[in-house]
Amino acid sequence: MIPRIIPVLLLKDSKLVKTKKFRDPTYIGDPLNAMKVFSDKFVDEIIVVDITKRKSGKIDYSILQAMAAECFSPLTYGGGINSIDQATKLFRLGVEKISVNSAIRKSPDLVKALISRFGSQSIVGSVDIIKVFGRYRVYFHDRILKYNFLANNVIDYMRLIESQGFGELFVNFVDRDGMFTGYDTQMIKTLTESVRCPITVCGGCSAYSDIWNLANDCNISGIAAGSVFVFRNKRRGVLINYPLVDQIEKNIGL
Amino acid sequence: MIVILDVGLANVGSVENMLKRIGVQVMVSSSTESILSATGIIIPGVGSFDAGMLAIKDLDSFSVLEKAVLNRKVPVLGICLGMQLMTTSSDEGVEAGLGWVDAKTVRLHPERGVVPNMGWRYLSYMHNDIVSSEIEGKDKFYFVHSFSVLCENHKNVHALSEGNHNVVASYRYDNIMGVQFHPEKSHMYGFAFFRRWLAYYGLYTDSAAN
């Protein structure tokens, strides 16, 4: 099965940005314009994550509404979701899946309620992992502490949250974000062999060839990337791009 | 007027966006007046079976909706959960389905492949008609589901999707059609699908698009 190839768009204060290691958001452009371009390129799917630092509970519906209206591919939204009402509103405006991260830790009851109301296929569990001193840790953002480690055993954590009933897990490799280092193929293989539900991975992609290699090496459901779809190359000149269907089918063996 | 049935928990926005883009007049509603004036009804789907059934049965317009579909034969399209709601039952819940089609909804087998079944799949058409693509094997649709439909009458199966999970991608019985995939999320293939579905029931001509 050909994996879904997924651009990840980061929003900050209603603008499109791109980070490095989840930090230093650089302004890229207008999110609506980017969405239109991706839509014209018939993307498999799009993930939008709002990284604006704000009191939780605020969602930028107006920009999302405008983006959803231009998006004719599956759209996942993550960022600041902490109630059923917000989820209802997001689905109504045309979001296909919502992704939760800190809610997994802070409000497991909400996660349970979201899954039972909207179905597991609509709720994505997002996990950020980071490699420090050769070890993988689950990482979460904290407004006060900059870093915080949630779990030392990534596999155990992934299995734990899988058991909560998510339809998909979205794994970000934080230390590879925006670094053009290539995907962490070894770890991705381990992850896909450890959990049963579909996994989408992101972090490190330096060129389309990394996507082809990962697709051919692992049984992965989704391959996501940020920089490679918004920058021309490592020098970070902005260019919204996405491979053609023929190009994907030629490079990924069935 | 095509009515996108609003039961409060579906992704009505995506369907609305796509139909508007092909120049079709749509209304997101569940009111009795809108259903009485509907020339076509779309039941989109996000959510679990029981939540969907309870929400639909709770509508003030529920009996009007049933009459529109079963007596007045207004073309109806169920998408994903919407397709499943029109069957008699589902492994996902305990509520009875709408039972508009002689079919039931069953759980996908995890031993056959990853569940949910998620991603883009090609279709094999069982019927050669205007709703089927002329370019079979070329157009693909986005699927994401953990349950799928089994038709009691194989003649109602309109298309199959083959892969790790072999599923009924679409069924059609009279004015009732259900699709397991999400045409509203299948970009160019989705636009083409909606045009064909509407055209089959005489609800779309090229001049409608501008």
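Me: At roughly what angle do the axes of helix α3 (residues 84–92) of chain A and helix α5 (residues 108–118) of chain A cross?
Reply: In this predicted model, the axes of these two helices of chain A come within 10 Å of each other. Angles under 35 degrees count as roughly parallel and 65 to 115 as roughly perpendicular, and α3(A) and α5(A) are therefore oblique to each other. The angle at which α3(A) and α5(A) cross is roughly 40°.

Me: Which residues of α5(A) make the contact with α3(A)?
Reply: The crossing of these helices, α3(A) and α5(A), is right-handed. From α3(A), the contact takes Ile84(A), Ala87(A) and Phe91(A), and by class the contact as a whole has 6 nonpolar, no polar and 1 charged residues. On the side of α5(A), the residues are Ala113(A), Leu114(A), Arg117(A) and Phe118(A).

Me: Is α1(A) roughly parallel or roughly antiparallel to α2(A)?
Reply: The axes of α1 (residues 31–40) and α2 (residues 61–70) of chain A come within 9 Å and cross at roughly 15°. Since angles under 35 degrees count as roughly parallel, that makes the orientation of α1(A) to α2(A) roughly parallel.

Me: Which element gives the most to the side of chain B that touches chain A?
Reply: The contact between the chains takes 27 residues from chain B and 29 residues from chain A. On the side of chain B, at least two residues each are supplied by α1 (12–21), β6 (117–122), β8 (140–145) and α6 (187–200). With 5 residues, the element that gives the most is α1(B).

Note on methods: Residues numbered from 1 in each chain as written. Chains lettered and ligands numbered in written order. Predicted model: local features only at pLDDT ≥ 70, side-chain atom pairs only at ≥ 80, totals over all residues. Axes fitted to C-alpha atoms, helices over the stretch in contact; angles between N-to-C directions. Helix = DSSP H or I, 4+ residues; strand = E, 2+ residues; numbered from the N terminus. Parallel < 35°, antiparallel > 145°, perpendicular 65-115°, else oblique. Left-handed = near helix turned anticlockwise from the far one by under 90°. Contact = placed C-beta atoms within 7 Å. Nonpolar A, V, L, I, M, F, W, Y, C, P; charged D, E, K, R; others polar.
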